[in-house]
Amino acid sequence: MAYAIDLFCGAGGCSEGLIQAGFDILFSSDISDMVELTYRHRHEQLGLHQGYNTWFERSDIRNLKGEFIWQKIKSLEWFNNGERECPKDIDLIIGGPSCQGFSRAGRRKKDDPRNMLFGEYVRVINEIRPRYIVLENVEGFMDMQFMGYVGITGIQYADGSVTPSILRNELKEIGYNTLEPKILNAADFGVPQRRNRAIFIGYRNGEKEPNYPEPTTPNNQLTLQDAISDLICDEKLKSSIPESDYQRECRKGRTPDIHGMPISVGEKLANTELPNVTEVVAERFSLFQQGESGSNLRKRVKNEGIDISEKPSLISLCSEKLKKSADEVISLFRNPNATEDEIDVLLTKKNIRQRWSANQPSATIVSIADDYISPWEARTFSVREMARCQSFDDSFEFLGKRTTGGLLRRVEVPQYTQVGNAVPPLLAKAIVGEIKKCI
């Protein structure tokens, strides 16, 4: 038996990988109520029942103590009815402390309270004393600096100390060796997505030293077409593209239930609802070529011109805003050298949109999918399509609100965010599989 704890578990990307690698998850925790809906529903699907053979605790890690975790584990029914013997050691703790404070995608703040959660993670490790530990985070984790950081053992680190150095020293102080931190790309491990993650692996003094996983698909990365072409809405177009092994595996299921049987998708595939877009927005989407970003589309319109004669909603909008006839608008954009203001009317000032290429892995999945455009259709993606790019099984259902906006994004974790925040299960499986070999 190999037993694990999953902290900051989110919707369950790491947990899927743990189960696929042969671990039993005795305890898991996250702070979000929306995440709890998804996580516990999935575990019920797999035969992991609250209080019987697993425990999920919705909690801020700052309030989570090792004594409480052990209490919940020891009280599980299958350890008290003779079915299994309660372990004296937890084999693995895995977790990804909130990464927004470390992310290079936004404004980084050295005093962002979320940056301190990795210290709480170290505290829990010290209280539980697992044999092995894994911490994953965004690339920005590798060079984030701290001012006046004080560790759990009371050590005060010099101003400007970087997170990896602090983390490795803190773990050394409590009796853990660590491998040199490493950046792994999910696309090298069978995930159809370019997603770099910082990975830390540690092991208790006296345990066998593990390895990082060797890439399985470094020269044969799966593409977006491999991942989601069977989810194209246009039936004629969909039927012209052969299904891939990856699609079949997603439908069949990779994550086994408590009896060792994979959960296959039912009659109706969940999370396939598509975002509503206006005719104007759909026509704007259709202007993008595969692989083209908003800024590159803008340059193409300015330098080469573009034909919008088949875009009636855009023609009408531009006619109204620019005070020109339909023919004048068509002629204006067909020729190069439209002004920046005129192009703003056609495309808006928003340049972060991008149409993905069918023949490459997807870009990194983030929590807001409004600006990714399908290579085949003038639309954005469903939660299911995003989940496919993350390597979730089709039987995995995301619950709660589908999306949210405004200030609610600071506190809510709807389905798109659950997908975007997750560790790809196949990447997690590859990492913890190496630890399973040591156990």
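This note covers the aromatic pairs and the charges over rings in a predicted model.

1. Basis. Local features need pLDDT of at least 70 and side-chain atom pairs count only at pLDDT 80 or more, while totals for chains, interfaces and linings use all residues. Residues are numbered from 1 along each chain as its sequence is written, and side-chain values use heavy atoms, without hydrogens and water.

2. Aromatic pairs. Rings of Phe, Tyr and Trp (its six-membered ring) pair if their centres lie within 6.5 Å; planes under 30 degrees apart are stacked, over 60 edge-to-face, the rest tilted. The count is 17 aromatic pairs. Phe 118 and Phe 141 are edge-to-face, because their centres are 5.9 Å apart and their planes stand at 85 degrees. Phe 118 belongs to helix α5 (residues 117-128) and Phe 141 to the loop between β5 (132-137) and β6 (145-146), 23 residues apart. Helices (H or I, at least four residues) and strands (E, at least two) are DSSP runs, numbered from the N terminus.

3. Phe 141 again. With Phe 200, Phe 141 forms an edge-to-face pair, 5.2 Å centre to centre and 80 degrees between the planes. Phe 200 is in strand β10 (residues 196-204), so this pair ties together parts 59 residues apart in sequence.

4. Burial. Buried means under 20% relative accessible area (1.4 Å probe, protein chains only). Phe 141 is buried at 0%, and Phe 200 is buried at 5%. Phe 118 is buried as well.

5. Cluster. Ring pairs join Phe 118, Phe 141 and Phe 200 with Phe 146, Tyr 149 and Tyr 157 in a cluster.

6. Charges over rings. The criterion is NZ of Lys or CZ of Arg within 6 Å of the ring centre and within 35 degrees of the ring normal. The charged end of Lys 72 sits over Trp 55, 4.2 Å from the ring centre; that of Arg 254 sits over Tyr 246, at 4.9 Å.

Note on methods:
Buried means under 20% relative accessible area, exposed over 50%, partly exposed in between (1.4 Å probe, protein chains only).
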